[in-house]
Amino acid sequence: MHPLFPLEPTAENIWLYEPSTTDNDALPDGAPALIILCTWLGGATPRRIAKYVGYHRQLFPQSAILLITTGMIDITVRSFSVIRARLQPAREAIRRILGPDAGDSEKNPDGVLLHVFSHGGSNIAIQLILSMQDPKHPSGRHRLPLQGIIFDSCPGDTTFMRNYQASVYSLPSAPLPIQLVNRALLFPAIGVITGLQALGITSSISAMQKQLNDSSVVSARVPRLYLFSKADTTIHWEEIQTHLDDARVRGYTVASVVFNSSPHCALIVEDEKRYWGAVQQFWEQIVKTNAPAEVVSGDAEVPFVFSTGYRESRL
């Protein structure tokens with residue numbers, strides 16, 4: 001059995017799970033109609049991704065799940081138009097699951113929970129969001145009805161060494177001599193890619209950072225949860241904190257949980273219970289109040305901050 005079962009492949013890098021429904025088995029009040037996962041580069045094996053799929057299914061057993069994986073080419077040389085064209089099956093699945101009123105938050109009150117990992121997932125998520133609004137695409141023309149976004153280990157900065165470290169992290173496992181050769185070949189390649197990004201020829205992390213805090217791309221009404229680690233050497237936690245602070249100033253409702261010892265995109269290795277407790281609390285806060293209030297954290301020793309605009313409270 002494939003590690004991602006019961007998700008089924010619908011296109012290259014796109015997987016979908018739709019729970020069977022009957023008249024007596026409708027979507028419970030307060031559950032997202034659809035969970036979208038946009039995963040990271042390097043180490044994002046089906047077995048590791050399956051852990052996140054499995055927990056989402058435990059939390060929201062009647063929610064559909066759309067998984068979109070990413071590759072190095074998606075954040076280096078592949079154009080936006082090509083990426084958006086390849087996301088056509090994802091857009092079709094979203095419209096089928098949410099119905100003809102996709103994009104109307106009043107008619108789709110349960111909406112979408114978007115779970116994004118690292119820069120690879122951020123890039124795919126942005127292209128999906130923008131392509132949903134693009135009238136040139138048959139399944140576009142409607143804004144993705146986001147109810148909440150979870151940012152895992154992202155976004156970070158744009159320096160050459162960060163790009164290089166993220167790329168090294170994405171290299172497949174190999175004996176040490178082969179690893180050294182791969183890293184040596186990767187160095188000049190990342191230099192060229194970084195130059196193209198600086199010239200605006202290909203996708204840049206700087207542009208991603210701005211778009212994620214641009215209300216014309218992601219509405220400021222959509223709450224967000226940042227999960228990141230102080231031990232992450234691929235994307236430093238201070239960079240994520242800076243993005244979080246900018247989002248708060250721009251009026252976004254922001255929650256954050258900081259871990260202490262986990263590497264990049266491996267927060268559940270440090271504290272699985274705390275990670276998923278934060279996700280559950282975050283979603284329940286959205287559903288129950290739509291405006292953050294003071295709540296007792298499941299981890300009293302390390303609560304996380306939930307803030308709206310300039311106001312902060314403890315969650």
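Q: Strands are DSSP runs of E at least two residues long, and helices are runs of H or I at least four residues long, both numbered from the N terminus. With elements named in this way, where does Pro6 lie?
A: The model is predicted. A cis peptide bond joins Phe5 and Pro6, with omega about 15°. Strand S1 covers 8-11, and Pro6 is placed in the segment before strand S1.

Q: How many helices and strands does the protein chain have?
A: The protein chain has 315 residues, and buried residues make up 50% of them. Of the contacts with a separation of 6 or more, 76% are between residues 24 or more positions apart. The element count for the protein chain is 9 helices and 10 strands.

Q: What is the average pLDDT of the protein chain, and over which residues is the pLDDT below 50 while the stretch has 40 contacts?
A: The average for the protein chain is 78, and 66% of the residues score at least 70. A stretch with pLDDT below 50 still has 40 contacts beyond near neighbours in sequence, and this stretch is residues 291-305.

Q: For how many contacts beyond four places in sequence does the model account over residues 308-315?
A: Residues 308-315 have a pLDDT that stays under 50.

Q: Which loop holds Pro155?
A: Most peptide bonds are trans. The bond from Cys154 to Pro155 is cis, with omega near -10°. Pro155 sits in the loop between strand S6 (146-152) and helix H5 (160-170).

Q: How far from the sulfur of Cys265 is the nearest cysteine sulfur?
A: A disulfide needs two cysteine sulfur atoms within 2.5 Å. The search of the whole structure finds 0 disulfides. Cys265 is in no disulfide, and the nearest cysteine sulfur, that of Cys154, is at a distance of 7.2 Å.

Q: Is Cys265 buried or exposed?
A: Cys265 lies in the loop between strand S8 (253-259) and H9. Its phi is positive, about 55°, although Cys265 is not a glycine. Buried means under 20% relative accessible area. Cys265 has 5%, so the class of Cys265 is buried.

Q: Why does Cys38 count as buried?
A: The limit for a buried residue is a relative accessible area under 20%. Cys38 counts as buried because its relative accessibility is 0%.

Q: What is the phi of Asn13?
A: Asn13 is in the loop between S1 and strand S2 (14-17). With a relative accessible area of 26%, Asn13 is partly exposed. Most residues other than glycine have a negative phi. Asn13 is a residue other than glycine with a positive phi, near 70°.

Q: How do the residues lining the second largest cavity divide into nonpolar, polar and charged?
A: The structure holds 3 cavities of 30 Å³ or more. The second largest cavity has a volume of about 90 Å³. Its lining includes Asn13, Ile14, Asp74, Arg78 and Ile124. By class, the residues of this lining divide into 5 nonpolar, 2 polar and 4 charged.

Q: How far apart in space are Leu67 and Leu16, C-alpha to C-alpha?
A: Leu67 is in strand S4 (residues 64-68), and at 0% relative accessibility Leu67 is buried. Not counting residues up to four places away in sequence, Leu67 touches residues including Leu4, Leu7, Asn13, Ile14 and Trp15. Leu67 and Leu16 are 51 residues apart in sequence, and their C-alpha to C-alpha distance is 6.2 Å.

Q: Which residue is 38 residues from Leu267 in sequence and 7.1 Å from it in space?
A: Leu267 has its place in helix H9 (residues 267-289), and with a relative accessible area of 0% Leu267 is buried. Leaving out residues up to four places away in sequence, Leu267 touches Asp152, Ser153, Leu227 and Phe259, among others. The residue 38 positions from Leu267 in sequence, with a C-alpha to C-alpha distance of 7.1 Å, is Ser229.

How values were computed. Residues numbered from 1 in each chain as written. Predicted model: local features only at pLDDT ≥ 70, side-chain atom pairs only at ≥ 80, totals over all residues. Heavy atoms only, no water. Buried < 20%, exposed > 50% of the residue type's maximum accessible area, 1.4 Å probe, protein only. pLDDT = per-residue confidence, 0-100. Contact = heavy atoms within 4.5 Å. 1 Å grid on protein atoms, 1.4 Å probe; cavity = no way out; pocket = protein on both sides within 12 Å on 5 of 7 lines; lining within 4 Å. Points joined across faces, edges and corners; volume = space filled by probe spheres on them. Nonpolar A, V, L, I, M, F, W, Y, C, P; charged D, E, K, R; others polar.
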